[in-house]
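Subject: A structure for you to look through

Dear colleague,

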Amino acid sequence: MVPAESRRLLTAELLSIGTEITVGDTRDTNAGELARSLTARGVEVRRLSAVPDDLPTVTAAFGTALERADLVISTGGLGPTPDDLTREAIAAVCGESPAVDPDLEAWLRQLWARRGIAFPELNLKQAWLIPSATSLANPNGTAPGWFVSRPDGRLIVAMPGPPREMRPMWSDEVVPRLEARGLGRPVAARTYRLAGIGESQVAELLGETMLRAANPLVATYARAEAVDVRISAVAESDRSADDLVEAAATVVLGHLGTYIWATGETSWSDAIAERLGQLGWTLSAVEIGTGGALGALFADLAALRFDESIALEAPAATAHRPSAEPDTDAPDDDAQIHDLARYAHLARELGGSEVGLAVRARPRTGDMAVSIVVALPAGDRHVRRAVFLTGQMGRMRAALSAASFLLEVLREQT
């Protein structure tokens, strides 16, 4: 057994307690927030579980989690009703009996007294503590949390389920206590955002060996607006976390550098706004057949001076030659690019901007044919692309393709 005072909190499991979660009536956001917070502090989150309001099930969940992790954190089940069973389950796992804490009882009764309301004796269970538990203040509700120390140094933290109560309790009450006990290890992370490549292609280029390594951990994520590659590492005895991330990043950049358009949580609006700001320019845009997907993507772009979406059923959005591929150099396609360029120039004129963007998306054989024109002070740039699927998903991918080409062109400007 590891002495309590020497056990570092390196692994964690999270329990979300409540039948309302397991039947789908309530969406659990607590587990994701806590997992991100712990991971950022160098704690390995090994499991996230949701369990219903059933005492044997909740008790078993705490018991098995304690066998696997240094730290077990629960949210929910701290209310006053008979189906709120977190306290009973923790007491059973610890082999201790709960009793009313006089200070907590006085605090609870005062909450009702100051409003001139009779105290419901049902709420008295919210004043329970077991000998190994310390209460966690909850100024935003009536359910104090529990901070439970086990003889082997493992910890249980129980917090209320409502996020407005959980979040301040976590930041103000729990994190300082955990850090004082030795929380996590030095950690470093970096995220690259990619465009023009799918997640499976990314995985193939990086290779199974890199993607299966434990430290540094390289993971791919298919987001709505990009494919992300996240590199994370914890310090080892002979190498810092930063060094481990940097070594892996060199390999990732070697394979995927041409597809990377940003790092971290940068959005398309962020990246384009930064480049427009460097150039001292503004942007105006017209989108045809995208159903407003480009405008939604650029919703936070302050440098966007004019934005017009032409309806999906409009002639400008539907006219095309079905037999032509989107990347041919046929005269009709050249004429369509010339026609689209007029929209880009009109956008510049109407918005009084240095940059005009026009994009047209049209369904072709199950996918979207996308034409893009960027009108600049020095001349026009255009491209034709095909994106996967039609419908709403295809229209969003058309908008992403336009944003990617626009950013590429802007970064070429001096």
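In this predicted model, S284 stands opposite F306, a residue of strand β14. The strand β13, made up of residues 283-288, is joined to β14 by six bridges, and the two strands run parallel.

Both strands belong to an open sheet of five, in which the order is β14-β13-β15-β16-β17 and the pairing is mixed. Because β14 (304-310) and β17 (379-387) stand at the edges and have a single partner strand each, one side of each is left without a neighbour in the sheet. If direction is ignored, neighbouring strands of this sheet are turned against each other by 10 degrees on average.

Please look next at helix α14, residues 391-412, which lies across β13, β15 (355-364), β16 (367-376) and β17, and which runs at about 145 degrees to β17.

A separate part to examine is helix α4, residues 86-94: seven of its nine residues are buried, so the helix is largely enclosed by the rest of the structure. Which residues of α4 are buried? They are T86, R87, E88, A89, I90, A91 and C94, and buried here means that under 20% of the relative accessible area remains. The elements that cover these buried residues include the strands β1 (11-17), β3 (71-75), β5 (128-129), β7 (145-149) and β8 (155-159), together with the helix α3 (55-68). After α4 comes G95, whose phi is positive, near 65 degrees.

With best wishes

Technical notes: Residues numbered from 1 in each chain as written. Predicted model: local features only at pLDDT ≥ 70, side-chain atom pairs only at ≥ 80, totals over all residues. Heavy atoms only, no water. Buried < 20%, exposed > 50% of the residue type's maximum accessible area, 1.4 Å probe, protein only. Helix = DSSP H or I, 4+ residues; strand = E, 2+ residues; numbered from the N terminus. Contact = heavy atoms within 4.5 Å. Pairing = 2+ DSSP bridges. Axes fitted to C-alpha atoms, helices over the stretch in contact; angles between N-to-C directions.
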